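User: I am new to this structure. Please take a close look at the ligand site, and then continue to the aromatic pairs.

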Amino acid sequence: MGPVFDTVLRPAIVAASRSERIENASQRWPVTERVVRRFVPGESLDAAMTAVGDELDDGLAVTVDFLSEDTLDESQAEATVVAYLELLESMSSFRPASFGSLEVSLKLTALGLGLPEHGAKIAAENARRIVEAADSLGILVTVDAENHTTVDQRLTIVRSLRDDFPDTGTVLQACLRRTEDDCAEFASSGARIRLCKGAYAEPAAVAFTERRQVDDNYLRCLRTLMKGPGYPMVATHDPTMIDAATILAGEFGRTPDSWEHQMLYGIRVDEQRRLATTGARVRVYLPYGEQWYGYLVRRLAERPANLVFFLRALRG
Ligand SMILES: Cc1cc2nc3c(=O)[nH]c(=O)nc-3n(C[C@H](O)[C@H](O)[C@H](O)COP(=O)(O)OP(=O)(O)OC[C@H]3O[C@@H](n4cnc5c(N)ncnc54)[C@H](O)[C@@H]3O)c2cc1C
């Protein structure tokens, strides 16, 4: 399924993630519940907190994402801020063994970045409210990466947040041609940087289109992050990248508390536990909320096996 999946199915699936009609229909399918649960622990805050407790009990760290994206009205952005403040309050009731075990991930488009007027300013202010609250509770924040058109605005906002809250992390995507330079900048400033391959369908003008090119760039970027004074967060399920991270960490004399692995909830769960037993730090990205559709479609687009799982569930 490899090349056909990459060139034909993947772009079509990602395009479906933007279709409101398909979203509305799929949320009514009886199969939905079963498929969604594989990747999203639940729609409610309670369900998310149960999952957080389970991960912490197993010695893993978490980053919790309240699912909402592409907010096009200010009141919806405000509702997302309120949801994050509630989430932070709930998370603070956990007393994890080590500092840094608790983190939230947020998307700037959910905080208003795409609003027609003053979107960047509104998103920056909203993000700052969440980062301030998180900081006061000892919870970390990472600003997720979205499609390439939002990278400049996001990095500008993150630089400004880091002036006051240097632990604020963000994400760099190996599929983008610019990322090697961004890695060099953020690594040298000591930032917490999550390196991932990238989940969005991007044009060839700005992105590598071959898997091999993305993987090569991932390895180059990983080396830059591991070599620098920052805190690399190695977000991948790919065994080659995971092994490379361990080797590079050794080469640059990194201690286990100076970087971490990250994986998505429900994906390679045994590997998450195995890495943690080796003494490595492992963080699970845990999404929750009613707006799971875009997130789910990106997971299906990433891997033929995820799609097969989905089709099998459809068959019942
Ligand atoms: C913690 C975390 C946060 C992320 N945040 C962002 C973000 O902010 N922005 C963004 O654009 N993207 C984000 N992503 C998604 C990321 O960009 C990739 O789309 C996604 O991780 C798939 O790429 P991969 O590196 O895991 O490997 P792939 O290239 O998808 O797969 C490579 C190999 O990994 C193994 N593998 C992958 N998936 C599975 C599976 N389900 N089961 C078993 N083996 C598997 C297989 O051996 C496979 O051949 C994030 C990913 C993680 C883990």
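Analyst: **The ligand site and the aromatic pairs**

A polar backbone atom of A199 lies 2.9 Å from an oxygen atom of the ligand, a polar contact being a pair of N or O atoms within 3.5 Å. The model is predicted, so local features need pLDDT of at least 70 and side-chain atom pairs pLDDT 80 or more, while totals for chains, interfaces and linings use all residues. Residues are numbered from 1 along each chain as its sequence is written, and side-chain values use heavy atoms, without hydrogens and water.

Around the ligand are 26 residues, of which K197, G198, T236, H237 and E302 come nearest; a residue is counted here if one of its heavy atoms lies within 4 Å.

Turning to the rings, the structure holds three aromatic pairs. Rings of Phe, Tyr and Trp (its six-membered ring) pair if their centres lie within 6.5 Å; planes under 30 degrees apart are stacked, over 60 edge-to-face, and the rest tilted. Y285 and Y295 are stacked because their ring centres are 6.3 Å apart and their planes at 0 degrees. This pair links distant parts of the chain, 10 residues apart: Y285 belongs to strand β8 (residues 282-288) and Y295 to helix α12 (residues 293-302). Helices (H or I, at least four residues) and strands (E, at least two) are DSSP runs, numbered from the N terminus. Elsewhere, ring pairs join F66, Y84 and Y288 into a cluster.

Key
A polar contact is a pair of N or O atoms within 3.5 Å; within protein, one must be able to donate a hydrogen and the other to accept it, and residues adjacent in sequence count only if both atoms are side-chain atoms.
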